[in-house]
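Biologist: Please show me the model, and then let us go through some side chains one by one.

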Amino acid sequence: MTLRTLTAPDTETLVTGRPPGKKRRQLRRTTESYGFLAPTLILLFILMVVPIVMVVGYSLQDSAILGPPPEFVGIQNYLTVLGDPGFWKATGNTIFFSVVSVAAHLVLGLGFAMMLNSRLLGAVTRTVFRALYVLPWLFTAAVIAVLWRMLLAPNGVINFLLNTNIEWLASPQLALGTVTFINIWAGYPFFMVSLLAGLQGIPQDLYEAATVDGATAWQRFWNVTVPQLRPIIISLVLLDLIWTSQQFALIWMTTGGGPIDVTEMLSTFTYKLAFAKYDFSLAATSAVLVLLMSMVLAVFYVRHQKVRD
């Protein structure tokens with residue numbers, strides 16, 4: 001005895017008395033798919049495509065938005081921005097800030113993840129440490145900035161504990177390293193949580209086989225743990241590079257790009273062009289250059305995801 005699957009008759013079948021052709025059914029399925037995607041595509045077009053096109057247009061004009069009727073100047077704005085020493089200083093600061101932050105995020109995140117995944121810690125101890133280590137990730141950039149400005153003030157807790165009177169955020173020699181440290185503290189939990197999930201997904205059989213073969217703890221880490229985590233590590237590093245290179249709120253609310261442009265980033269450089277100098281054409285040009293740099297990292301990330309899948 002066989003069971004026949006009962007399906008509701010098609011609307012076209014009810015009207016015409018015959019089922020639709022193969023091409024018609026395929027066209028209808030395609031139309032329905034795009035119909036479901038239409039609201040999202042419309043929002044992406046309005047909120048992303050249109051602003052990007054407008055900014056690119058402003059970057060090719062002179063005196064955009066606030067000036068007289070704008071004139072098309074081609075790549076002149078790009079030559080002006082690329083010839084500005086402030087742009088290259090901001091680029092160097094951004095590279096230092098991003099690379100050091102991401103490297104520290106990876107090292108700290110992996111170290112804490114391995115510690116929390118260790119069987120040497122009890123269940124209660126592990127739970128307490130997880131809550132403490134993930135705490136910085138729960139704060140917004142504004143809270144982090146205010147917290148560390150209070151801690152690093154000349155009469156703050158840090159100087160009290162070190163018995164010093166250092167201007168951590170106002171010193172040209174220390175400001176960039178200080179904001180980088182703050183960003184490291186705020187961002188490592190993202191790596192820790194992601195890598196901890198990856199560690200818990202590694203089969204224990206691999207470690208047992210390596211132990212039987214006489215592998216040391218370092219050899220098990222380098223030949224078992226790292227290869228298993230490599231896809232996650234690459235994805236995290238690329239994502240964090242994109243996010244960190246565009247960090248604005250933390251820098252603006254701690255140093256504002258100062259003192260004397262020591263902590264100037266591409267994000268704050270672009271912001272000042274627009275809302276301090278009111279030169280929206282050059283600000284749009286700087287924003288387009290930042291977008292192009294970010295797209296390079298985004299291309300590597302997408303390619304890695306395709307290879308991983």
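Biologist: In this predicted model, is Lys-272 buried, partly exposed or exposed?

Modeller: Buried would need under 20% relative accessible area, and exposed over 50%. Lys-272 has 21% relative accessibility, so the residue counts as partly exposed.

Biologist: Which residue forms a salt bridge with Lys-272?

Modeller: Side chains of opposite charge can pair when their charged atoms come close. A salt bridge needs a nitrogen and a carboxyl oxygen within 4 Å. For Lys-272, the closest N and O atoms of the pair are 3.2 Å apart, and the partner is Glu-264.

Biologist: Is Glu-264 buried or exposed?

Modeller: The limit for buried is under 20% relative accessible area. Glu-264 has 6% relative accessibility, so this residue is buried.

Biologist: How many salt bridges does a search of the whole structure find?

Modeller: The pair Lys-272 and Glu-264 forms a salt bridge. Searching the whole structure gives a total of one.

Biologist: Where is His-105, and which residue has a backbone oxygen 3.4 Å from a polar atom of the His-105 side chain?

Modeller: His-105 sits in helix α4, residues 85-117. Its relative accessibility is 1%, so His-105 counts as buried. Leaving out residues up to four places away in sequence, His-105 touches several residues, among them Asn-183, Tyr-188 and Asp-240. The backbone oxygen at 3.4 Å from a polar side-chain atom of His-105 belongs to Ile-184.

Biologist: Is Trp-218 buried or exposed?

Modeller: Trp-218 lies in helix α10, residues 217-245. Exposed means over 50% relative accessible area. Trp-218 has 56%, so the residue is exposed.

Definitions and conventions: Residues are numbered from 1 along each chain as its sequence is written. This is a predicted model: local features need pLDDT of at least 70, side-chain atom pairs count only at pLDDT 80 or more; totals for chains, interfaces and linings use all residues. Side-chain values use heavy atoms; hydrogens and water are left out. A salt bridge is a side-chain nitrogen of Lys or Arg within 4 Å of a carboxyl oxygen of Asp or Glu. Buried means under 20% relative accessible area, exposed over 50%, partly exposed in between (1.4 Å probe, protein chains only). Helices (H or I, at least four residues) and strands (E, at least two) are DSSP runs, numbered from the N terminus. A polar contact is a pair of N or O atoms within 3.5 Å; within protein, one must be able to donate a hydrogen and the other to accept it, and residues adjacent in sequence count only if both atoms are side-chain atoms. Contact means heavy atoms within 4.5 Å.
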